Amino acid sequence: MANETFTAASFASGLSLELVPPAVADRAKALTLDFLASAVRARGEAESTPAILASLAALGLDGPGPATVMGDERGYIAPIAALLNGALGHSLDFDDTHAESSLHPSAPVVSAALTAGELVGASGRTVLTAIIAGYEVCCRLGLALDPTAHYARGFHPTATAGVFGAAAAAGKVFDLDPQQMVSAFGVAGSQAAGSLQFLHNGAWTKRWQVGAAAMNGLMAASLARQGFLGPDQAIEGRHGFLAGYSDGARAERAVQDLGRDWETLKVAVKPYPCCRYAHAALDGLIALRLHHGIPAAEVRSVEIGLHRNGVALVGEPEAAKRRPRNVVEGQFSMPFTAAVALDQGRFSWDDYARLGEPFIDALCDRITVRQDDRVEAASPHPFGARVRLVTAGGVHELAIPDPSGEPDSFPDEDALRAKFMTLAGPALGERAGLLAGAVLDLDSFGDVRAALRFGRPVNPEDVAGLLEATCGGRG
C-alpha cells in the first residue's frame with residue numbers, strides 16, 4: 001500500500017486544464033456529448049423514469065431548484081438533478097464504456113460535475129477539468145478492483161467505483177484541497193453500492209444505483225467542502241474500498257501513471273444500446289450477414305464465444321437469456337440482440353419493441369453463448385468475441401478482437417453529432433444542435449449554466465433569451 005487515497009486526492013485537487021493534453025480535453029467533451037444524448041432520450045422514453053419521478057414527488061423531493069435535468073423543462077435541487085441525470089444517462093445502456101475496468105464512467109462523473117458546476121456558477125473550463133479528474137479516478141479504481149473479481153462478488157463497478165469519480169469531479173468544481181478531497185473520498189467510500197442482482201429479473205436498480213452514485217459523490221464533496229471529516233485511506237485501508245469489494249484487488253493500479261497515461265483516451269462509445277459485452281459479436285454477425293447476404297430465416301445455429309464476464313452478464317442462464325421480456329433483460333441478452341441484428345442488419349433503441357416476437361424468440365433458440373479461451377487470450381480487455389454462423393449454404397466464422405467505438409475506431413465529430421441528434425433531436429428539436437455545439441465548445445463558456453440551458457425543452461419564444469444568455473456567458 002502506498003497511500004493511494006491521498007495520491008488520487010492530490011491529483012484531482014491539483015489538476016488544471018493546462019496540465020491536460022488537448023486530445024484528452026477533446027475526448028472528454030466528446031464523451032460528455034455522447035452521454036447527454038442518452039439522458040435526454042431517457043427522460044421521455046425509459047420505462048423506469050415515471051416511477052422515479054413519481055417517487056420523488058411523493059417524498060417532496062421534486063421541489064424547484066437551479067440545476068438542469070436533461071430533457072426536462074424545469075429545474076431541480078442539485079442532489080436530485082445529479083441523481084436523475086445519472087440514472088437517465090444510464091437507462092438506455094447506450095453510454096460509454098472503459099473496457100479494461102468494465103465500467104461506464106460518464107454517468108456518475110459527468111452528472112456530478114455538471115450539477116456542481118451549475119450550483120456554483122463554475123466556468124466550462126473548470127467543469128471540463130473536473131470531468132477529466134473524475135474519469136481518471138473512477139477508471140483507475142475499476143482497474144484496481146480487478147473487474148472479474150469484483151463481478152464475482154456480485155458488484156456493479158459503474159456504481160461502486162463511480163461514486164469516487166463523482167466525488168472527485170464535484171470536489172474539483174468546489175476547489176477542494178487535497179485533505180478535503182481525502183474526506184470526500186472517505187464519505188464516498190461509505191456510500192459505495194451497486195449490485196448485479198438486477199440481472200435476475202431485469203430490474204431498474206441498475207439505473208438507479210448509478211444515479212445514486214452521482215448524487216452521493218456530489219454530497220460527499222459538499223460535505224467535505226463544509227468541513228465534514230471523512231475517513232482517510234478510504235481506498236487502500238484495512239476496511240477500505242478495495243478490501244471490502246474485491247478478492248483480487250491491486251491497489252497500485254488506483255494511481256499507476258496518474259497524470260501521465262490518460263484513461264480518458266481509453267473510454268469507448270457504444271454503437272448499440274445494450275451491454276458492451278454483446279457489441280463485438282453484433283459487429284461480427286452484422287458483417288457476416290452483409291458480406292454473405294444471409295437471410296435470418298436460413299440461420300440454423302449461431303455460436304458466440306465471449307469472455308467469462310460477458311457470459312455471466314449476457315449469456316447465462318441460457319433459458320432466461322433466450323426469453324427476455326423487458327428492456328433491461330433485453331439489454332443483457334446476447335441471444336435477443338443477436339437475433340434482431342441478424343434479422344435487420346442493425347440494432348437500435350427502438351428495436352426493444354421486438355421483445356417477445358415469435359420469430360425473434362425462435363431465432364434466439366438457435367443462438368448459444370459460450371466462454372472462449374481464445375477471446376480471453378486475445379486482448380487485455382474483455383470485450384472481444386468469436387462468432388460461428390451455420391446456414392444451409394455453409395459455415396461462416398469470424399473473430400472480432402475489439403468492438404466498434406473503441407479508441408482505435410472512435411467516431412469522428414460528425415458521427416458523434418449524428419448519434420446525438422438521433423437520440424436528443426426528438427425531445428429537444430432545434431435546441432439539440434445548440435446543446436451539441438455548446439458541449440463541444442464547453443471550455444469557452446464563462447458560466448456552465450449558459451451552456452446547459454439548451455438541455456431544457458422551452459417554448460420557441462424563449463430561444464432568443466437563451467441565445468442572449470449563452471453569448472453573455474462566454475469567457
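Predicted model: local features only at pLDDT ≥ 70, side-chain atom pairs only at ≥ 80, totals over all residues.
## The second largest cavity

Residues are numbered from 1 along each chain as its sequence is written, and side-chain values use heavy atoms, with hydrogens and water left out.

You can find this cavity through its lining: Ala 8, Glu 136, Val 137, Arg 140, Leu 141, Ile 235, Ala 254 and Leu 258. About 30 Å³ of space lies inside. Helix H6 gives the most to this lining, with four residues. A cavity is a set of points, on a 1 Å grid over the protein atoms alone, where a 1.4 Å probe fits but cannot get out; a pocket is an open set with protein on both sides within 12 Å along at least five of seven lines; lining residues have an atom within 4 Å of a point. Grid points are joined across faces, edges and corners, and a volume is the space filled by probe spheres set on the points.

Helices (H or I, at least four residues) and strands (E, at least two) are DSSP runs, numbered from the N terminus. Is Ile 235 buried or exposed? Ile 235 is buried, with a relative accessible area of 1%; buried means under 20% relative accessible area, exposed over 50%, and partly exposed in between (1.4 Å probe, protein chains only).

Leaving aside neighbours within four places in sequence, Ile 235 is in contact with residues including Glu 4, Thr 5, Ala 8, Leu 141 and Phe 164, where contact means heavy atoms within 4.5 Å. In helix H1 (residues 4-14), the buried residues are Glu 4, Thr 5, Ala 8, Ala 9, Phe 11, Ala 12 and Ser 13. They pack against helix H6 (124-145), helix H9 (162-173) and helix H10 (178-191).

A search of the whole structure finds two cavities of 30 Å³ or more.

The largest pocket has a volume of about 310 Å³. Among its 18 lining residues, Phe 94, Lys 270, Pro 271, Lys 419 and Thr 422 are the closest to the centre. Which helix supplies the largest share of this lining? That is H20, with five residues. Helix H2 (22-45) and helix H20 (413-428) each supply at least two.

## A four-stranded sheet

Now look for the open sheet, whose four strands come in the order S6-S5-S7-S8 with mixed pairing. Strand S6 (367-371) and strand S8 (394-400) are the edge strands, each pairing on one side only. The twist averages 15° from one strand to the next. Two strands pair if DSSP finds at least two bridges between them.

Strand S7 (residues 385-391) and S8 run antiparallel, joined by seven bridges, and form a hairpin with two residues between them. S5 and S7 are antiparallel too, with six bridges. Leu 389 of S7 stands opposite Val 302 and also opposite His 396 in S8. Five of the seven residues of S7 are buried, so this strand is largely enclosed by the rest of the structure.

## Helices on the sheet

Helix H17 (residues 334-344) lies across S5, S6 and S7, running at about 130° to S6. For such angles, axes are lines fitted to C-alpha atoms, for helices over the stretch in contact, and angles run from 0 to 180 degrees between N-to-C directions.

## Gly 455

Gly 455 sits in the loop between helix H22 (448-452) and helix H23 (463-473). Gly 455 is buried, with a relative accessible area of 0%. Met 70 is 385 residues away in sequence, yet the two C-alpha atoms are 5.1 Å apart in space.
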